[in-house]
Amino acid sequence: MTKICDTQSPKKNDQGTMIPLFKVFMPESVKKPLIDTLMSGYIGQGPRVEEFESLLSKWIRNSNVLTVNAGTSALHLAYHMIIENSGDEIITTPMTCTATNTPIVNTKGGKIVWADVDPYTGLIDPDDIEKKITPRTKGIVMVHLGGNPCDIDRINEIAKKHNLKTIEDAAHAFGSTYKGRRLGNNTSDFVMFSFQAIKHLTTIDGGALITKSKDDYKRGKLLRWYGIDREIKSEDLRCEEDVKEAGYKFHMNDVCAVVGVEMMKYVEEIIAKHRANAKFYNDNLKVDYVKESSDGKSAYWMYTIHIKGGRRDEFIRYMKDNGVLVSKVHSRNDTHTMFKDFKAELPGLEEYYKSMCSIPVGWWLAEKECVKIADLVNKF
Ligand SMILES: Cc1ncc(COP(=O)(O)O)c(C=O)c1O
């Protein structure tokens, strides 16, 4: 992987150089376009945002791409378009970043209903989704944990049967595929990506909402900018026409977008390196690891193994003592005080949460580091 230049030195601690679990990829080549944009006199939402959206559209093969200032904002827009009244329910997974779920409770009094997860993959369980549907259910969220695609078709079939909307939280899954198609290529009603600092593709902070329908795209486009139609030419340059629905200030700006445009040149290579490192682990690890879903290919933002026998926390300390950062990455969301009103029996989650642990897998690992990590895991 010759094109990728690593401009940052790894974190140091008492043990010397640590192998990080995540790392920001920022190529030297971003400097010129970034400075040009900063000094161009146009740093808000402008031509670079359009250019980035058009690159994303081609890559995903869907023209309904809305960039925003964070993945969380993309989810917020989707929930805004699904939740109508206080008490409307969204079925979701507790095994994720809190950002998947906080916008539900922050949208018009939306309510969370937890579905259980597969005890092995941590992915939302379609059978449990079906059991959790009530007359108040409006939507289903699936999170492609670590990049590993959920059972998208099955979940969409359930949604169709009950007239519900589907959202894919693909924050970890830029470049993952399902049945040969990149996520976002008409897989669900809404698909969200995160371009936050440590993702495969970063815009410093940022995200995208991809919609299946043109109407949702048009509504989302208004909502991301206060509800104002920026394409109407008004008599007075600064004054908007009548605004029909109150929106947000969620748009992306040209400074972030120009970083995204540059990153698009590297992202396939970054994903390929994550996948190659994952394959090395698949071939060499002697512990249980999370396998790719049968219809999906993971972009491997995370590589998750199971450390059984109640020894996971000991494993985290052991790896750190040997210079490798590993982690659970996300806490189960259902035990947070902020979600105390939403309780459920979740035996699959109990099982998954006891033993899962993610090890470094990203573009920054040289072969000798993958060998070191695999040896350490196998020795434990
Ligand atoms: C699964 C998941 N969903 C949503 C988000 C929120 O994305 P962002 O940080 O871009 O707002 C994250 C953040 O990394 C995430 O991991």
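Before anything else, a cut-off I need: buried means under 20% relative accessible area, exposed means over 50%, and partly exposed is what lies in between. I also keep in mind that this is a predicted model.

**Entry 1: Asp-288.** I looked up how open this residue is. Its relative accessible area is 35%, so I put Asp-288 down as partly exposed. Asp-288 sits in strand E12, residues 288-289. Leaving aside neighbours within four places in sequence, I find Asp-288 in contact with Tyr-120, Ile-305, His-306 and Lys-308. I also checked a C-alpha distance: Asp-288 and Ser-298 are ten residues apart along the chain and separated by 17 Å.

**Entry 2: helix H6.** Which residues of H6 are buried? Going through residues 152-161, I get Ile-152, Ile-155, Asn-156, Ile-158 and Ala-159. They span an arc of only 155 degrees around the axis, which means they lie on the same side of H6. The general rule I had in mind: an α-helix has 3.6 residues a turn, so residues three or four places apart point the same way. On the other side of H6, I noted Glu-157, Lys-160 and Lys-161 as exposed. Then I asked what covers the buried residues of H6. The cover includes helix H5 (126-131) and the strands E6 (137-143), E7 (165-169) and E8 (177-178). After H6 comes Asn-163, and its phi is positive, near 60 degrees.

**Entry 3: H1 against H8.** Helix H1 (residues 31-38) packs with helix H8 (residues 254-263) at about 160 degrees, and their axes are 9 Å apart. Angles over 145 count as roughly antiparallel, so that is how I logged H1 and H8. The crossing of H1 and H8 is right-handed. From H1, I list Pro-33, Leu-34, Thr-37 and Leu-38; they meet Asp-254, Val-255, Val-258, Val-259 and Glu-262 of H8. By class, that contact of H1 with H8 comes to six nonpolar, one polar and two charged residues.

**Entry 4: H10 against H12.** Here I looked at helix H10 (residues 312-321) and helix H12 (residues 367-379), which pack at about 140 degrees with axes 11 Å apart. That angle makes H10 oblique to H12. H10 and H12 cross in a right-handed way. H10 brings Phe-315, Tyr-318 and Met-319 to the contact, and H12 brings Ile-373, Leu-376, Val-377 and Lys-379. My class tally for H10 with H12 is six nonpolar, no polar and one charged.

How values were computed. Residues numbered from 1 in each chain as written. Predicted model: local features only at pLDDT ≥ 70, side-chain atom pairs only at ≥ 80, totals over all residues. Heavy atoms only, no water. Buried < 20%, exposed > 50% of the residue type's maximum accessible area, 1.4 Å probe, protein only. Helix = DSSP H or I, 4+ residues; strand = E, 2+ residues; numbered from the N terminus. Arc of directions from axis to C-beta. Contact = heavy atoms within 4.5 Å. Axes fitted to C-alpha atoms, helices over the stretch in contact; angles between N-to-C directions. Parallel < 35°, antiparallel > 145°, perpendicular 65-115°, else oblique. Left-handed = near helix turned anticlockwise from the far one by under 90°. Nonpolar A, V, L, I, M, F, W, Y, C, P; charged D, E, K, R; others polar.
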